[in-house]
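Please open the model in your viewer and keep the sequence panel beside it. The tour below goes from one selection to the next and says what is found at each stop.

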Amino acid sequence: MKKYALTLVVLLLLSSSALAQAANGSKSNSAGAAATGRIPAAPAITANSTPLELARAALAAQGGDKFKNLKSMMLVGSANLYAPNSSQSVPGKFVMVTAGDKVRIDIDATPIFKFKQVFDGQQSFSSIPGITMPPASKFGLPVLAKFDQPGFTVSALPDRKKLRGFRIVDADGNTTDFYLDPATARVMLYQIPYNGYTFGTENSKFSEVEGVLIPFSFSQRLETPQGAFFAEYKVKDVKLNQPIADDVFVIQ
């Protein structure tokens, strides 16, 4: 049970990286709310598009400058968590708060476990010892906002079925592999190698919130020697660019 809980927590940590940025505004949106601030169409993707062109198209589809200029967000939703070789899920609720590199995650999957993790920008706290939380800005969608900065490299990846692929690596070697829908330039799948494992996130439903694209329904998969851990997430509420009090990220 302890290994199960630890791995589910890691999946949730990656989801915080996946959604570390959301929209330029201070309103709240739910999955059923009407989106505002329509995102302009991304540059067209062709068979000859270079990795840099794919990255530019992905950033545009994500919301462009509005995506790059985000300050904070809070996600509230539900999750179904699966252990290896199990068809029975563990239902839970989650809240994720992000401001820059600072992250707080609270998970309530009673009676299986309850969990809190905080990264205050310099050090990490976990209610389960032995888990180190990477800064949310180092992996996943947030690196799209930085791919053209010094220290970042963009390279080609083989296509994955009908999806176009490219890789972004920062100066420290942190790597995210992206796979886009060539019709929309939306990121449908990305993979992150970390601590000897590969974490995969697949997006299935999006909503535009204040001019930024947010995955409201997504799944994650982690392959381990014990088998594959799997998690399904549904975001029910998003609060964007609201002031976040410093004590939210205080390590206690």
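Is Phe94 buried or exposed? Select Phe94 and you will find that it is buried, with a relative accessible area of 2%, where buried means under 20% relative accessible area, exposed means over 50%, and partly exposed is in between, with a 1.4 Å probe and protein chains only.

Before going on, note that this is a predicted model, in which local features need pLDDT of at least 70 and side-chain atom pairs count only at pLDDT 80 or more, while totals for chains, interfaces and linings use all residues. Residues are numbered from 1 along each chain as its sequence is written, and side-chain values use heavy atoms, with hydrogens and water left out.

**Aromatic rings**

The structure holds 5 aromatic pairs, and rings of Phe, Tyr and Trp (its six-membered ring) pair if their centres lie within 6.5 Å, with planes under 30 degrees apart counted as stacked, over 60 as edge-to-face and the rest as tilted. Tyr233 is buried, with a relative accessible area of 0%.

Next, select Phe166 and Phe178, whose ring centres are 5.2 Å apart and whose planes are at 20°, so the pair is stacked. Phe166 lies in strand 8 (residues 163–169) and Phe178 in strand 9 (residues 175–180), so this pair ties together parts that are 12 residues apart in sequence. Both Phe166 and Phe178 are buried.

**Strand 4 and its neighbours**

Strand 3 (residues 90–99) and strand 4 run antiparallel and are joined by 7 bridges, and two strands pair if DSSP finds at least two bridges between them. On the other pairing, strand 4 and strand 5 (residues 113–119) are also antiparallel, over 7 bridges, and they form a hairpin with 3 residues between them. Pick Asp106 to follow both pairings, as its bridge partners are Val95 and, in strand 5, Lys116.

Move to Gly100, which lies in the loop between strand 3 and strand 4 and takes a positive phi near 65° in their hairpin, where 2 residues lie between the strands. Gly100 is partly exposed, with a relative accessible area of 48%.

**The second largest pocket**

Finally, select Arg160, Leu189, Gln191, Gly200 and Glu202, which lie nearest the centre of the second largest pocket among its 18 lining residues. On a 1 Å grid over the protein atoms alone, a pocket is an open set of points where a 1.4 Å probe fits, with protein on both sides within 12 Å along at least five of seven lines, and lining residues have an atom within 4 Å of a point. Strand 10 (187–194), strand 11 (197–209) and strand 12 (212–224) each supply at least two lining residues, and the largest share, 6 residues, comes from strand 11.

Technical notes: Helices (H or I, at least four residues) and strands (E, at least two) are DSSP runs, numbered from the N terminus.
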